[in-house]
Amino acid sequence: MKVQDRGERPPPVSPYPHRMVITEERPTKPARRRTTVLRGLLWALIVVFAVWTLVRLIGFESVFPAVQLLAFTPYVALASLLPVVAALLTRRVWPAVAAAVVMLALAACVVPRWLADADPGPAKAGGPTLRVLSVNLLVGGAEPDAIVGLVRAHQVDLVAFQEFTAEAQAALERSGLTDLLPNRVAYPVAGVTGSALYSRYPLTNGAFHVHEASGFGQARATLAVPGTAPIEVESIHPCAPSGPSRGHCWRADLADQPGAGVDGPVRLLVGDFNATLDHAALRRLIATGYRDAADVVGAGYARTWPYDERWYMPAITIDHVLADRRVGVTAVSSHTLPNSDHHALFAALQLPPA
């Protein structure tokens, strides 16, 4: 019996009937478009982190708001892990490689601050210990009893004050500061430009170092500690880079700070530098022969500003103790300071023997 041909053809028979034929389904246009967009966003994110890294490495700080943004480099370094994870999860090899290179470059900039130096300095050389404290008074308004309490509790030998006013001086001395630290070089000024040094040991050659670019002042003196050569100390406070017009005075004031004369007298710079270790201007000063005390002991993230419940931003480290490379560092810590926007910064130093 014949079957009428209706023009229908049977499906082709595979010459290999025991094999399964798989046809690959191409992605639809919307899927391809979505993939392209995601790839572009990932590369854009990597480029943002790469540009930040380049700016940090070359020290490009002359354009507002580069100075302000660079202060948050540790947080950016932590966030740079995100594109690495995103690239790995989406199995994109070259974006993962590029993101990892950027992340490692940022890590090289910030991770050493968590690690104590193998050589903290001449801690076992037999020289005397000097305990120093940096205090920004916030236009003289910080709580005087709290400051005197810190001095007493930590057996502080030297306090460097910034934003030191006549009212603050009177309040601190009423609270008993001069009973503990009877020697002083004080230059009270209304506003934020005053400065002072109070010491357990004699202070001589007192002077008021005024920055020409900003008018900010810094108390300086020679400190006589038994068992070591005279120490030159200064309470540091350059102008803050708080706006486009303030970048010049910030850079000029930091450039006007005394360098470390490693062949001359031992020098200490203590105070509010308005700069972090991610700012090239501060790194240039350190390169003259200083070490950042917090960085030496692995406490480089002892965040000091802003410390105030009215502020809602990540804290950064702009207060520092810079010590001549001949000085050892044994401890660094930051402490709450009521009615100030800064933490007080404490450092225990081992001075070279005479």
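Reply: Two residues are in contact when they have heavy atoms within 4.5 Å. Helices are DSSP runs of H or I with at least four residues, strands are runs of E with at least two, and both are numbered from the N terminus. This is a predicted model, in which local features need pLDDT of at least 70 and side-chain atom pairs count only at pLDDT 80 or more, while totals for chains, interfaces and linings use all residues. Residues are numbered from 1 along each chain as its sequence is written, and side-chain values use heavy atoms, with hydrogens and water left out.

Me: How many helices and strands are in the chain?

Reply: You can find 11 helices and 12 strands in it. Of the contacts with a separation of 6 or more, 68% join residues 24 or more positions apart.

Me: What share of the chain is buried?

Reply: Buried means under 20% relative accessible area, exposed means over 50%, and partly exposed is in between (1.4 Å probe, protein chains only). Here, 47% of the 354 residues are buried.

Me: How do I check a helix's length? What distance does α5 reach from its first C-alpha to its last?

Reply: Take 1.5 Å times one less than the number of residues; that's the expected span. Helix α5 (residues 93-110) has 18 residues and reaches 26 Å, close to the 26 Å expected. Now try α1: its 30 residues should span 44 Å, and its end C-alpha atoms are 43 Å apart, so the two agree.

Me: Which residues of α5 are buried?

Reply: P95, A96, A99, V102, L106, C109 and V110 are the buried ones. They sit on the same side of α5 because they cover an arc of only 145° around the axis (the arc is that of the directions from the helix axis to the C-beta atoms).

Me: Which residues are buried in α1?

Reply: Look for A31, L42, I46, F49, W52, T53, V55 and R56. Their cover includes α2 (66-70), α3, α4, α5 and α10 (280-286).

Me: Can we zoom in on α10? What does A280 touch?

Reply: A280 lies in α10 and touches G59 and E61, leaving aside residues up to four places away in sequence. Its relative accessibility is 7%, so A280 counts as buried. A280 and R56 are 224 residues apart in sequence, yet their C-alpha atoms are 8.0 Å apart in space.

Me: Last topic, pockets. What volume does the largest one have?

Reply: On a 1 Å grid over the protein atoms alone, a pocket is an open set of points with protein on both sides within 12 Å along at least five of seven lines; lining residues have an atom within 4 Å of a point. The largest pocket has about 430 Å³. Among its 24 lining residues, A240, P241, N274, W305 and I318 lie nearest the centre.

Me: Which residues lie nearest the centre of the second largest pocket?

Reply: They are P74, Y75, V110, W114 and Y301, out of 24 lining residues. The elements giving two or more residues to that lining are α3 and α5, and α3 provides the largest share, four residues. This second largest pocket has a volume of about 350 Å³.

Note on methods. 1 Å grid on protein atoms, 1.4 Å probe; cavity = no way out; pocket = protein on both sides within 12 Å on 5 of 7 lines; lining within 4 Å. Points joined across faces, edges and corners; volume = space filled by probe spheres on them.
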